[in-house]
2 protein chains.
Amino acid sequence: MALDHGDPGDAPSVPPPLADIADTTRPSAAEEARTLVASTNIGTLASLTPDGDPWASFITYGLLDGSPVLCVSHMAEHGRNLAGNPRASIAVVTPNAEADPLASARITLAGHVEKPSEAEYAAARQAHLDGVPAAKYYVDYGDFSLWVLRVERVRWVGGYGRMDSASAEAYAAASPDPVIPKAAGAIDHLNNDHRDSLLAMAQTLGGFPDTTEVTCTGADRYGLDLRVTTPRGVAYTRAGYASPINSIDELRSATVELARRARAAH
Amino acid sequence: MALDHGDPGDAPSVPPPLADIADTTRPSAAEEARTLVASTNIGTLASLTPDGDPWASFITYGLLDGSPVLCVSHMAEHGRNLAGNPRASIAVVTPNAEADPLASARITLAGHVEKPSEAEYAAARQAHLDGVPAAKYYVDYGDFSLWVLRVERVRWVGGYGRMDSASAEAYAAASPDPVIPKAAGAIDHLNNDHRDSLLAMAQTLGGFPDTTEVTCTGADRYGLDLRVTTPRGVAYTRAGYASPINSIDELRSATVELARRARAAH
C-alpha cells in the first residue's frame, strides 16, 4: 500500500504504535473494491468521444460477479461512445459521503466493454435488472444495449493515505466483504456499551498501551478498525478476530472472543 | 429539447394538455447546469491515461464563476493524466438521488483544463477553498496543482425524457437558479396547505382542466412544476409567475399572485 502524498497540511502527525499490532490483516484492495462496487448501483462512466476526448456520464449498473453490466441507449452520447470505442472505466464512490468528501472510499474499474455473448446474455440481463429494477421499462427496447465492463485494472482509494491497486485476477478472485455493509448497528453498540473492551483491545492487541480513548470506526470479516487517542496524538489500529468470519451473525461472538483475549493480555 | 428515446417500456402514456399552458418558461439547460454544479462540491472527472484510455475518478471542486476548479496531486493518477493531456470532462449528479436513479438530474461539463494564470490564481485558489474547506490542508502543497476546467460543451439530463445541450457561451452567461436549492420547504407547504390553489393552477393556467389531483414537484425562478392526475393519466405541466423572481423570499408573493390569477380564470 503506497501513499500518494504526505499527511495533509498542518494536520497533527500520527504517533506510531509502541508495541506490535497483533494482527494487521484487513480487506485487500480487491476485496474493498468488490465490497464498494456491490454497495450501490450508480457510478460514473468515462468513455471516449469520436474525437478521443474523455466523456464522464452518470450510469446505473448491476453486477455479473464483479463486472458492471450497463444498459444504455444508442441515442445517448455515452451509448454512441461505447459503440465507437470499447475503452471505458467506471468510478464508484461510497454512498455515505463523509463531511470531508476526500475521506470517502472510492474506486476506478478500468478496462473495456463488450456486449454479452449469447451464452451470458440472460445472466447479464438479469444482473442488470437485479441492480436496477427500474430498467424493466427499457432493458428490452431496441435502442438499448447491455454492455459488460471487462475489468483490467482496479484503483482503490480508502480515504486520506489509504490507497492501492488490484489486478484483474485479484479483483475477479475476491468477494465482497459480508460484514462491512451490515456493521453500522454493531459498531454503534460497541462504541456505546463496550468502551472498556475496546480500550483493552487498543491497549494490548492494538499496540497502543497508552490509549486513553478509543472509537471503533469499522468492522469487516477480519477484525475491527480502531481510532485511538493517546497523549502522543490520534492514530488508527486494528484488532483482528481469532479467524475471519463469514457473516454479520458471527460478529458478536468474534468480538466477545476479542475482548476476552485483550483482557487476558492486560 | 430532444428526446433520446421513447417512453420507458410499459409505463402509461402521457396525456396531452386540453388547453394552452399559459407560460411554459422554465430554466434553460444552461441554467439547470449552473444550478446543479453549484449544488454540490463532488463530481467525477474523466481524463486520459498516457495510453489515451478514459479514466474516471472522484474529485472535489470549487467554482470560479461556472468553471470547476480542481486541486489534485501530481502523484495521483488523474493528476498525472491532466498534466499529460488537458482534455477532460466532469459529471455531476444531483445530490438527492431518487429511488429510481435515472430520474435524477445530472450534467457533463466537457472541455480542457488549464492551470490558472497568475492573474486568476488567487481567485481560483479561493474558489476551491470555498467549495472544499478541507483543501486548506493540502492546497499549498508542492505536489498539488489547481486546474480550471474551461467548459466548451454542456450536456444536461433532467431525468427521463428531459435533456438538452448548452454551448459554452450559454453556460457562461447563465446563473444558478436562486430558488431551486431553497424551495423544498415552500413546496411542502404548497402541497400540504394549498391543494385547492394548486388545483386551480393546473386546471386553468396549466392546461389540464380535467385535473383531479395535483402535486407541486418543483419551484424555480420562473414558476412551479406540477404533476397532474387526470382521468386520462398522469402528466406534468407548469404554472409560471407573473414575472421571474430573484430570491426565495419572493416565492410566497409570486405563488399568491399565481393562485389569485388561476382562480380568476376559473
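Start by selecting A:Thr108 and B:Ala56: a polar atom of the A:Thr108 side chain lies 2.5 Å from the backbone oxygen of B:Ala56. That is a polar contact, meaning a pair of N or O atoms within 3.5 Å; within protein, one must be able to donate a hydrogen and the other to accept it, and residues adjacent in sequence count only if both atoms are side-chain atoms. You're looking at a predicted model, where local features need pLDDT of at least 70 and side-chain atom pairs count only at pLDDT 80 or more, while totals for chains, interfaces and linings use all residues. Residues are numbered from 1 along each chain as its sequence is written, chains are lettered from A and ligands numbered from 1 in the order in which they are written, and side-chain values use heavy atoms, with hydrogens and water left out.

Stay on A:Thr108 and colour by secondary structure. A:Thr108 sits in strand S6 (residues 106-114) of chain A; helices (H or I, at least four residues) and strands (E, at least two) are DSSP runs, numbered from the N terminus. A:Thr108 is buried, at 5% relative accessible area; buried means under 20%, exposed over 50%, partly exposed in between (1.4 Å probe, protein chains only). Leaving aside neighbours within four places in sequence, its contacts (heavy atoms within 4.5 Å) include A:Ser89, A:Arg153, B:Trp55 and B:Ser57.

Now show both chains. Here 47 residues of chain A are in contact with 47 residues of chain B. The two chains bury about 3800 Å² between them, 66% of it on carbon and sulfur atoms; that is accessible area (1.4 Å probe) lost on being put together, summed over both. On the chain A side, pick A:Pro54, A:Trp55 and A:Phe58, which lose the most area to chain B, together 16% of what that side buries.

Next, select B:Arg153 and A:Glu77. They form a salt bridge, with the closest N and O atoms 2.7 Å apart; the cut-off is a side-chain nitrogen of Lys or Arg within 4 Å of a carboxyl oxygen of Asp or Glu. Between chain A and chain B the count is four salt bridges.

Last stop: helix H1 (residues 29-37) of chain B. Nine of its nine residues are buried, so H1 is largely enclosed by the rest of the structure. Its cover includes strand S3 (62-64), strand S8 (162-167) and helix H4 (168-173) of chain B. Among the buried residues is B:Arg34, whose charged end sits over the ring of B:Tyr171, 5.4 Å from its centre. That label needs NZ of Lys or CZ of Arg within 6 Å of the ring centre and within 35 degrees of the ring normal.
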